[in-house]
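Subject: Structure for you to look over

Hello,

Here is the structure I promised to send. Please open it next to this message; my notes follow below.

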Amino acid sequence: MNGKDIVSYNYEELIRELESLGEKAYRGRQIYAWLHEKGADSFEEMTNLPKKLRERLSGAYEIARMETVARQISKTDPTEKFLFELSDGNRIESVLMRYRYGNSVCVSSQAGCRMGCKFCASTIDGLERNLAPSEMLRQIYQIQKITGERVSNVVVMGTGEPLDNYDNFVKFVRMLSDEHGLHISQRNITASTCGIVPAMRRLAQEGLQITLALSLHGSTQEKRKRLMPVANRYELGEVMEACDYYFGKTGRRMTFEYSLVADVNDTDADAEELSGLLKNRNCHLNLIPVNPVKERGLKRPDSKKVYEFENKLEKNGINVTIRRERGSDIDGACGQLRRRYAVRKRETGDEIICND
């Protein structure tokens, strides 16, 4: 970006910025509304601003570019997947999921990811860079503009590890929930982490009311290390202590994510060990039959195995559900559409062809 990233200014920062230009505070409020309520893509759209001010803004600031490269619409459920191109050419994914209680958007927090989880396509090419608060916010704004539908819930479970982009992620949450923007309740925001312990503890002290979801995926330290390189740095015991700390500080029930991988973590012994790990904790467990990524070679268990695993956990008193599969016909798993686009572009030079 050539100019200052104006969409990443929070409400107070933007007002101070306009005052530093010699403008009245109400101009900052007007601009903030254009950016964060109406989702303006350019200063020219801000018709209640004087032309000279619009020209001045255009010369010094930028509204982060976000072009829609691909839009896939599921034929099996009310889910859509978007591939956006950023101002530097990086591409990120976002997913819109419609439920009876409202629309939920899954956003990315990084372009690529360096966590290396074995079941995830997002990590294959590593981390390109962190996303700015503006780039996280504008995924939601663009989807609202494209569909004409209001978003009421946000999950930060797309490409990237949000706690590896800590400051930008926290600012994004505060701006998303701010009364001057979309004003989405923090209780309707969920973020997933693979377990970066110091950042989890720091997040617990931010005074936020978001739900934290831990990507667990293994019932013991050794089994977790098979799937998640981050486990080589943080022992399972200290990760669980950080989860307890988060609950103690925020009062927000933890969610645990467990990707079921055939012949890796789906045995009776795994179910017993997992029950022992989560018993007596105020939490909810999501079982996720793994969505195969061809580069990884992992397989999902059959449906019977998944339900048997769930039943064993329920009998042990664990609050568990099998996550409903969404968007299986549109590269529904994290990173798949971005990866498919990159491979096709590299091999053929062609744009990916998607239904839209």
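Beyond its neighbours within four places in sequence, S8 is in contact with E13, A132, P133, S134, K171 and M175. Please keep in mind that this is a predicted model. S8 itself sits in the loop that links β1 (4-5) to α1 (11-20). The residue is buried because its relative accessible area is 9%, and the cut-off is under 20%. One of its contacts is polar: a polar atom of the S8 side chain lies 3.0 Å from the backbone nitrogen of S134.

The largest nonpolar core has 96 residues. Those touching the most other members are I140, F169, F172, L203, F256, L278 and L285. Helix α5 (residues 166-177) supplies the largest share of this core, seven residues. Take F169 as a case: leaving aside neighbours within four places, F169 is in contact with M136, V156, P162, L163, A191, L203 and I210.

Now the strands. Which way do the residues of β11 (211-215) point? T211, A213 and S215 point one way, L212 and L214 the other, and all are buried. With five of five residues buried, β11 is largely enclosed by the rest of the structure. Strand β10 (residues 189-193) pairs with β11 in the parallel sense over four bridges. Within that pairing, S192 has A213 of β11 as its bridge partner. Between β10 and β11 the chain passes through helix α6 (residues 197-204), and this β-α-β crossover is right-handed. β11 also pairs with β12, again in the parallel sense, over three bridges. There L214 stands opposite F256 in β12. F256 is also among the core residues listed above as touching the most other members.

Most residues other than glycine have a negative phi. H217 has a positive phi, near 65 degrees. D263 also has a positive phi, near 65 degrees. D263, in the loop between β12 (254-260) and α9 (268-278), counts as exposed, because its relative accessibility is 70%.

Last, F119. This residue is in the loop between β7 (110-112) and β8 (127-130). F119 is buried, with a relative accessible area of 16%.

Best wishes

Conventions: Residues numbered from 1 in each chain as written. Predicted model: local features only at pLDDT ≥ 70, side-chain atom pairs only at ≥ 80, totals over all residues. Heavy atoms only, no water. Helix = DSSP H or I, 4+ residues; strand = E, 2+ residues; numbered from the N terminus. Buried < 20%, exposed > 50% of the residue type's maximum accessible area, 1.4 Å probe, protein only. Polar contact = N/O pair within 3.5 Å; in protein donor to acceptor, adjacent residues only side chain to side chain. Contact = heavy atoms within 4.5 Å. Core = buried A, V, L, I, M, F, W, Y, C linked by side-chain atoms within 4.5 Å. Pairing = 2+ DSSP bridges. Right-handed = clockwise from strand over helix to strand, strands pointing away.
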